[in-house]
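Please look over the sequence and the structure before reading on.

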Protein chains: 2
Amino acid sequence: MAQKPSTPKGTRDFTPIEMARRNYIFDTIREVFRLFGYRQIETPAMENLSTLMGKYGEEGDKLLFKILNSGDYLKGVDRELIENNDTTRLAAKLCDRGLRYDLTVPFARFVVQHRDELQLPFKRFQIQPVWRADRPQKGRYREFYQCDADVVGSNSLINEIELLQMEDLVFSRLGINVAIKLNNRKVLAGIAELIGEPDKLIDITVAIDKIDKIGIEKVNEELSDRGLSQQAITALRPILEIDGTGTERLNKLATLLAPSEVGTKGVEELRTVFEGTLALGLKAQLDIDVSLARGLNYYTGTIIEVKALDTEIGSISGGGRYDNLTGVFGLDGISGVGISFGADRIYDVLNALNLFPEEALKTTQVLFANFGQAEADASLKLIKQLRVNGISAEIYPDASKMKKQIGYADAIGVPYFAIVGESELAEGMVTIKNMADGTQTSIEAEKLVDFFS
Amino acid sequence: MAQKPSTPKGTRDFTPIEMARRNYIFDTIREVFRLFGYRQIETPAMENLSTLMGKYGEEGDKLLFKILNSGDYLKGVDRELIENNDTTRLAAKLCDRGLRYDLTVPFARFVVQHRDELQLPFKRFQIQPVWRADRPQKGRYREFYQCDADVVGSNSLINEIELLQMEDLVFSRLGINVAIKLNNRKVLAGIAELIGEPDKLIDITVAIDKIDKIGIEKVNEELSDRGLSQQAITALRPILEIDGTGTERLNKLATLLAPSEVGTKGVEELRTVFEGTLALGLKAQLDIDVSLARGLNYYTGTIIEVKALDTEIGSISGGGRYDNLTGVFGLDGISGVGISFGADRIYDVLNALNLFPEEALKTTQVLFANFGQAEADASLKLIKQLRVNGISAEIYPDASKMKKQIGYADAIGVPYFAIVGESELAEGMVTIKNMADGTQTSIEAEKLVDFFS
């Protein structure tokens, strides 16, 4: 026998039970996106490499899956590139296209390409797989789904408030307790300005992002290693030690950052979003967290991160505002704000906390036994009536031994097993076996639809 | 400004209106698959090339999109392949993986890989994109969706009857009038045997497949060119001229093919499937068509094709039985039967016949105007109540000119525009403008949910 075939490293098949669980997550997210007026788009799996390259840093470029050109792909390729083993530049000659790495760059490309047809603000959502040639490890795959919602073309903070409500609604519907953490890039810029190190914004945020993990003393060591003056580190301390309720934190931040224009603007934005969201009520815990520095490279205003509270899995959603989404494609002045849900991590949380509802995983409602031609013919007529009434039903296709048929019913998790044998056929009855408790009921064939409705 | 970015040749973006239409098609198909007890799986976009190569013929191998290996992909590559411009063998060194070309080979791989976990018969459906490096032309894309349902591990013809009911239900739900054409590979084998040319089965079927297009005389010319004796062509004629109702055709075929064992078996199978399907009733026209030779390379029994009746678009679905789905992966004796829906063609039919229902394309139900902070705060509270009750609602995020806000409402096709201005706010009222007829209604804010329910 040939070697057993398998999926490529880092990729996965999804079996029916896994699909039912995944669909439960996607359906929940999609329904919330729609309730909020977000509209779905899809983009192709492959993009021109000119669209993708240079958008994710040098490391990201390496993680792009590149597609070999069709036909005579060696034509016109400088053989020196091969002799010099210059794989990076050679790849650019061999490949014109690559698989999308995220949904944000294709969305920016979409906005620019279709700008004449689009009515701004444009609220779009997109649920599609992305591919990264990362080293596979537990919880990290080379193909995974992203679920993104973004608005472009509006600076209003109402968008942030709406997005936070969406986070809250998705996770309350999924039954996951979460903390939503809020920050603002302008607050971070204000802090850097205030402590006299405006050019070290990235170093500061990279370090303070680690406070939860390594503690303030280690963070200070790292800041020192990164060239921050002792004076600046001392000035930073009271900011990092801000605590209390969200409102208390905002008030303290406002006082501390009063000397900085950008910092003050950041605190104002943060307050508007925080108070606006609280005013509408939410189930999630809403925190102000100045150590949140997620995605600093592109966010320019609000920064959002959502953590599951009852597991160690950590961040399961996040997002923020970026002032110039489409600038890389030559269209300036289009601001965006959005959130993204990590379906794989949400799956792991629901699994770990045993939160997948039975209802979401149900399969066919009733499987009919097969006792041969005459009984099957009668069963197929009943099944047709059930299906017309929206009840999923099937018949075991072969007149196999009953043990095998019941084994199949068990394996696919069907709640009812229907028997139309010789005697039932003669009497116009159906015997219904409840697979959960083994009880049997005999009902008239005409009343079958009512039974399952 | 940089050059306007675009999707790669042969690939497409789907805008919100296109997505709504496509989802209507996918949802209809998925719902029918589920009603019949088919269970969803997904497989990765990329497969090992060892899984894909050699499964679609030499031409198919060339149409596979191959993914350049990561890292030092030149390592160990024989430079002679490059010097000799042997792009085919070189590609096999540069690339270990490719994008899936259809859903059938990945499904076969899935069955073999997971055979220890699978309970046979296994009824699976799969709705995912596939990729082919074909020359793009009208209606032919390099990325397109397939919607497949297959059963493996059961030889029962009940499966065929079920699949034909699924074809009927999908197209009756979509409102497309169709003819379902039925044939059986064994009937074709019987014909070849009967006319004394059992080795020319492929030539015969390729030629008679064209009868509708070029007529019987041209088909006979082609058969002659393909080396069929005049005697065989003469013997074939009465079979090709069989007409009448399905039952009449079956009876004539049974008589003509009586001398052939395989032909007689084929007619019996055809009769069981035809009569079994008619007995359950169907909306579609069901035809016996011996000129149907679709997918002959792999089908071994039933052959199914569905044509839209009111357009020239032709085949929109089809399928058949294949006796040895997983044999290529070393697992013999697993028979399968399945159907596939062509979403792009169905889209074109629905579009051409104007059959997309309004309901399927509806977007947000109500857009609230934005008159500034106080009014927006009140509107957001009302919107939250609507959403809790499953009514999709949104607010224009900026307090822009009313003309702009109404323009947006128009562009996204929202049926109602809600106004909470200063006076409405004072009185606890909301003015609802019906966007279709321009009429306005004033209702109490508390009754808003009832109004939209």
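Is Arg140(A) buried, partly exposed or exposed? Arg140(A) is partly exposed, its relative accessible area being 35%. The model is a predicted one.

## Salt bridges within chain A

Arg140(A) pairs with Asp134(A) in a salt bridge, with 3.7 Å from N to O. The two partners fall into separate classes of accessibility: Asp134(A) has 18% and counts as buried because the limit for that class is under 20%, while Arg140(A), at 35%, is partly exposed.

A second salt bridge joins the side chains of Asp27(A) and Arg30(A), with an N to O distance of 2.8 Å. Both residues belong to helix H1 (residues 16-35) of chain A, and because they are 3 residues apart there, about one helical turn separates them. Asp27(A) is partly exposed at 41% relative accessibility, and Arg30(A) is partly exposed at 21%. Asp243(A) and Lys252(A) form a further salt bridge, in which the closest N and O atoms lie 3.3 Å apart. Here Asp243(A) is partly exposed at 43%, as is Lys252(A) at 37%. Elsewhere, Asp203(A), Lys210(A), Glu222(A) and Arg226(A) are joined into one network by salt bridges that share partners. Over all chains, the structure holds 44 salt bridges.

## The interface of chains A and B

In the contact between the chains, 103 residues of chain B meet 103 residues of chain A. About 8,900 Å² of area is buried between chain B and chain A, and carbon and sulfur atoms give 58% of this area. On the side of chain B, the residues that lose the most area to chain A are Pro5(B), Arg39(B) and Arg387(B); together they account for 7% of what that side buries.

There are 6 salt bridges between chain B and chain A. One of the salt bridges in the structure pairs Asp13(A) with Arg109(B), whose closest N and O atoms are 2.5 Å apart. The side of chain B that touches chain A is made up of 47 nonpolar, 30 polar and 26 charged residues.

## Relation between the two copies

The same surface serves both copies, since 100% of the contact residues of chain B recur in chain A.

## Two buried loop residues

Leu292(A) sits in the loop between strand E8 (285-288) and strand E9 (302-308) of chain A. With 3% relative accessibility, Leu292(A) counts as buried. Neighbours within four places in sequence set aside, its contacts are Lys181(A), Leu182(A), Asn183(A), Leu188(A), Asp209(A), Ile303(A), Ile304(A) and Glu305(A). Asp348(A) is 56 residues away from Leu292(A) along the chain, and the C-alpha atoms of the two are 23 Å apart.

Ser260(B) belongs to the loop between helix H12 (246-256) and helix H13 (261-280) of chain B. Ser260(B) is buried, at a relative accessible area of 2%. Beyond its neighbours within four places in sequence, Ser260(B) is in contact with Gly190(B) and Glu193(B).

## Backbone features

A cis peptide bond links Leu120(A) to Pro121(A), with omega about -5°. Pro121(A) is in the loop between helix H6 (104-113) and strand E5 (122-131) of chain A. In chain B, Leu120(B) and Pro121(B) are likewise joined by a cis peptide bond with omega about -5°, and Pro121(B) is in the loop between helix H6 (104-113) and strand E5 (122-131) of that chain.

Which value does phi take in Asn354(A)? Phi of Asn354(A) is near 60°, which is positive in a residue other than glycine. Asn354(A) lies between helix H14 (343-352) and strand E12 (366-368) of chain A, in a loop, and is exposed with a relative accessible area of 67%. For Asn354(B), phi is near 55°, again a positive value in a residue other than glycine. Asn354(B) is placed in the loop between helix H14 (343-352) and strand E12 (366-368) of chain B and counts as exposed at 68% relative accessibility.

Terms used. Residues numbered from 1 in each chain as written. Chains lettered and ligands numbered in written order. Predicted model: local features only at pLDDT ≥ 70, side-chain atom pairs only at ≥ 80, totals over all residues. Heavy atoms only, no water. Helix = DSSP H or I, 4+ residues; strand = E, 2+ residues; numbered from the N terminus. Buried < 20%, exposed > 50% of the residue type's maximum accessible area, 1.4 Å probe, protein only. Contact = heavy atoms within 4.5 Å. Buried area = accessible area lost by both parts, 1.4 Å probe. Salt bridge = Lys/Arg side-chain N within 4 Å of Asp/Glu carboxyl O. Nonpolar A, V, L, I, M, F, W, Y, C, P; charged D, E, K, R; others polar.
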